[in-house]
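User: I have a structure open and would like to learn how to read it. Could we go through it one feature at a time?

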Amino acid sequence: LRLLEAEQQHLTRHHLRAIDLYDASIQSAKKSGFIHEQGLACEKAGFYFKNKADNNEKALEYFKQAVECYEEWGSKMKVDFVKKEIDSLNVSGS
């Protein structure tokens with residue numbers, strides 16, 4: 001639910017609230033043991049920072065967390081997808 005709220009706040013341009021909700025979503029999923037949802041929340045937060053906040057460092061942090069979650073979950077496809085995003089940050093950041 002918090003992830004949906006974060007996305008809604010993002011779309012309505014309530015950026016500080018969106019960031020808080022992304023983090024709350026990540027922590028809630030982690031606490032509940034829902035590693036796939038934690039990965040998704042990290043991935044979405046990464047895209048938020050990449051596309052809206054124009055903050056590649058923060059995006060990279062969240063994308064790396066997403067990769068860890070997806071690896072633990074066993075989703076090679078999601079790992080590969082997020083790693084491509086990481087590579088695109090490294091290319092644009094150099």
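User: Is Arg13 buried or exposed?

Analyst: The general idea is a cut-off on relative accessible area: buried means under 20%, exposed over 50%, and partly exposed in between, with a 1.4 Å probe and protein chains only as cover. Arg13 has a relative accessible area of 68%, so Arg13 is exposed. Arg13 sits in the loop between α1 (2-11) and α2. Its phi is positive, about 65°, although Arg13 is not a glycine.

User: Before going on, what kind of model is this?

Analyst: This is a predicted model, in which local features need pLDDT of at least 70 and side-chain atom pairs count only at pLDDT 80 or more, while totals for chains, interfaces and linings use all residues. Residues are numbered from 1 along each chain as its sequence is written, and side-chain values use heavy atoms, with hydrogens and water left out.

User: How many helices and strands does the protein chain have?

Analyst: Helices (H or I, at least four residues) and strands (E, at least two) are DSSP runs, numbered from the N terminus. Here there are five helices and zero strands, and the pattern along the sequence is α-α-α-α-α. The radius of gyration of the protein chain is 13 Å, close to the 12 Å that the globule rule gives for 94 residues, so the chain is as compact as a globular protein of that length. That radius is taken over C-alpha atoms, and the rule is 2.2 Å times the number of residues to the power 0.38. Along the principal axes, the C-alpha atoms fill a box of roughly 30 × 30 × 15 Å.

User: What share of the 94 residues is buried?

Analyst: Buried residues make up 35% of them.

User: Which residues does Leu21 touch?

Analyst: Contact means heavy atoms within 4.5 Å. Not counting residues up to four places away in sequence, Leu21 touches Arg2, Glu5, Ala6 and Gln9. Leu21 lies in helix α2 and counts as buried at 5% relative accessibility.

User: And which residues is Ser25 in contact with?

Analyst: Ser25 is also found in helix α2, residues 15-32. Neighbours within four places in sequence aside, Ser25 is in contact with Arg2, Leu3 and Ala41. Its relative accessible area is 9%, so Ser25 is buried. For the protein chain, among contacts between residues at least 6 apart in sequence, 43% join residues at least 24 apart.

User: How do I read the length of a helix, and what does α3 reach?

Analyst: The expected span is 1.5 Å times one less than the number of residues. Helix α3 (residues 35-52) has 18 residues and reaches 25 Å from its first C-alpha to its last, close to the 26 Å expected.

User: Which residues of α3 are buried?

Analyst: An α-helix has 3.6 residues a turn, so residues three or four places apart point the same way. The buried residues in α3 include Ile35, Gln38, Ala41, Cys42, Ala45, Tyr48 and Phe49. Just after α3, Asp54 takes a positive phi of about 50°.

User: What can I say about Glu68?

Analyst: Glu68 is found in helix α4 (residues 56-73). At 53% relative accessibility, Glu68 counts as exposed. Glu68 and Leu11 are 57 residues apart in sequence and 27 Å apart in space, C-alpha to C-alpha.
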